[in-house]
Amino acid sequence: MRLEELIQSTQKVSRKELKRIFAKGLVRVDGQIERNISRNVDSNLHQISLNQRLLTTKERYYILNKPKGVVTANKDAQYPTVFDCLHANDRCNQLKFVGRLDRQTEGLLLLTTNGQLAYDLLQPNQKVSKTYEVWLKEAAEYADIDRFKAGITFLDGTKCQSAQLTLLGTAPFHHVQVTIQEGKFHQVKKMFLSVGKKVEELKRITFGPLVLDDTLAVGQYRRLTIEELQRLKPYFR
Ligand code: URA
């Protein structure tokens, strides 16, 4: 949550008064005077004080193992949305998904009420890595590793950044892993189509420092642990 939102929600002060509070150096983060009113904070990660009184935030962070058939959208006329995977008590208007997975893609999706963090994680300059497990109709070849490394160009001419392709198991390689640091529309499917291979199944297994482990079954979700949240701390700015 941005400091300005936190202070306005606890103090109900005008914008002018808010600026005065910051100018007087009354706001501290981890003991240091903070003058950046937009600084993104979470009291699980930062000690936040106003005039020596500690403030707490109540952000939510969920990791969902998205099932197939569910759309990453706020609402949909035809299909259930990722919010339908949550219990009613865990839903709220401020909850946002961080990036989209296609309807038939499974795997790791972060949901949070921290809108600033969601925005920052999606900025191209943050270069947040995402790893996907991919099942292909046509087998991948060793030469694809270099093609992905050099940067794939889509059939429409759009250029992708360098990506890491790993061939899993033994030839023929129908099961591979790819790591990208961008989030173009249908990116992974289009990258493979550009080298003549159709993606049959796609599953996201990492998002930045978050990893989908075996304990979270398809369709299940849980709150991020404090360790996972700490791993996201570098993205708080
Ligand atoms: N790339 C795709 O093609 N689909 C996804 O859902 C995610 C990445």
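Predicted model: local features only at pLDDT ≥ 70, side-chain atom pairs only at ≥ 80, totals over all residues.
**Where the ligand is.** Which domains supply its shell? Domain 2 (61-124 + 210-235) and domain 3 (129-207) each give at least three residues.

**Who surrounds it.** I listed the residues around the ligand: Leu101, Asp102, Thr105, Tyr132, His186, Gln187, Val188, Lys189 and Leu202. Sorted by type, the shell holds 4 nonpolar, 3 polar and 2 charged residues. I also looked at secondary structure: helix H5 (residues 187-194) provides the largest share of the shell, 3 residues.

I went through the N and O pairs one at a time. Asp102 puts a polar side-chain atom 2.7 Å from a nitrogen atom of the ligand. Thr105 also uses a polar side-chain atom, 2.9 Å from an oxygen atom of the ligand. For His186 I noted a backbone N or O atom instead, 3.3 Å from an oxygen atom of the ligand.

**Burial.** How much of the ligand's exposed area does the protein bury? On its own the ligand exposes 240 Å², and 96% of that is buried by the protein.

Note on methods
Residues numbered from 1 in each chain as written. Heavy atoms only, no water. Near = heavy atom within 4 Å. Polar contact = N/O pair within 3.5 Å; in protein donor to acceptor, adjacent residues only side chain to side chain. Areas by Shrake-Rupley, 256 points an atom, 1.4 Å probe, with all protein chains shown as cover. Helix = DSSP H or I, 4+ residues; strand = E, 2+ residues; numbered from the N terminus. Nonpolar A, V, L, I, M, F, W, Y, C, P; charged D, E, K, R; others polar. Domains from an automatic or database assignment.
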